[in-house]
Amino acid sequence: MMQERMLELVRPEERAELARYIAALWHSAYDGLLGAAQVDYMTEKFQSESAIAEQIRSDNYIYFFIVREGARIGYCALRPEKEKLFLSKLYLADAERGRGIGQEVLAEVAGAARRMGLRAVYLTVNKGNARAVRAYEKFGFIRTDGTVTDIGGGYVMDDYVYEYAV
């Protein structure tokens with residue numbers, strides 16, 4: 001039996017819907033870790049409809065809804081680079097976390113990197129996001145670095161860098 005593809009390309013007319021969905025997912029994932037004010041700042045700066053459109057237009061980003069049995073249960077964003085695929089975002093709805101779905105999405109992302117002829121998938125993850133760190137390590141991602149990035153507004157992103165060889 002063929003496995004259902006989980007990644008559904010976000011169409012231009014769906015970007016506003018995606019931005020609203022992202023805000024809800026990010027508040028659920030990060031309010032306790034970063035605070036609602038920083039989440040509001042980050043979603044407006046990086047994941048608003050206009051920011052998504054600019055990333056797609058200028059930076060080669062590809063946005064997908066994560067779909068299971070016809071329902072949208074999350075989203076991810078990828079950016080192919082010269083040798084690696086950057087997994088910029090991967091978020092699941094609360095009810096879908098801890099069910100192995102993230103591992104399935106990571107397998108699909110790794111497969112996409114292989115099909116593109118790239119040698120690895122890499123990502124950044126907030127150092128305080130223990131659940132995501134465990135999920136990436138379970139899949140086989142290796143921590144390669146740490147980074148602190150000033151994102152303006154008095155906020156920083158304090159992340160680990162992980163890589164998975166395909």
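In this predicted model, Ile 22, Ala 23, Trp 26, His 27, Tyr 30, Asp 31 and Leu 34 of helix H1 meet Ala 36, Gln 38, Val 39, Asp 40, Met 42 and Thr 43 of helix H2, where contact means heavy atoms within 4.5 Å. These contact residues comprise eight nonpolar, three polar and two charged; Ala, Val, Leu, Ile, Met, Phe, Trp, Tyr, Cys and Pro count as nonpolar, Asp, Glu, Lys and Arg as charged, and the others, Gly among them, as polar. Two packed helices are described by the angle and the distance between their axes. For H1 (residues 15–34) and H2 (residues 36–46), the axes come within 8 Å and cross at roughly 140°. Axes are lines fitted to C-alpha atoms, for helices over the stretch in contact, and angles run from 0 to 180 degrees between N-to-C directions.

Residues are numbered from 1 along each chain as its sequence is written. Local features need pLDDT of at least 70 and side-chain atom pairs count only at pLDDT 80 or more, while totals for chains, interfaces and linings use all residues; side-chain values use heavy atoms, with hydrogens and water left out.

The sheet comes next. Helices (H or I, at least four residues) and strands (E, at least two) are DSSP runs, numbered from the N terminus, and two strands pair if DSSP finds at least two bridges between them. Seven strands form an open sheet of mixed pairing, in the order E1-E2-E3-E4-E5-E7-E6. Strands E1 (7–9) and E6 (142–152) stand at the edges with a single partner strand each, so one side of each is left without a neighbour in the sheet. On average, neighbouring strands are turned by 35° against each other, direction ignored. Helix H4 (residues 101–115) packs on this sheet, touching among others E1 and E3, and its direction makes about 160° with that of E4.

Which strands does E6 join? Nine bridges link E6 to E7, and the two run antiparallel. In this pair, Thr 149 stands opposite Met 157 of E7. E6 and E7 form a hairpin with two residues between them, and Gly 153 in the turn has a positive phi of about 65°.

Strand E3 (residues 71–80) likewise pairs with E4 (residues 84–92) in the antiparallel sense, over seven bridges. There, Gly 74 has Leu 92 in E4 as its bridge partner.
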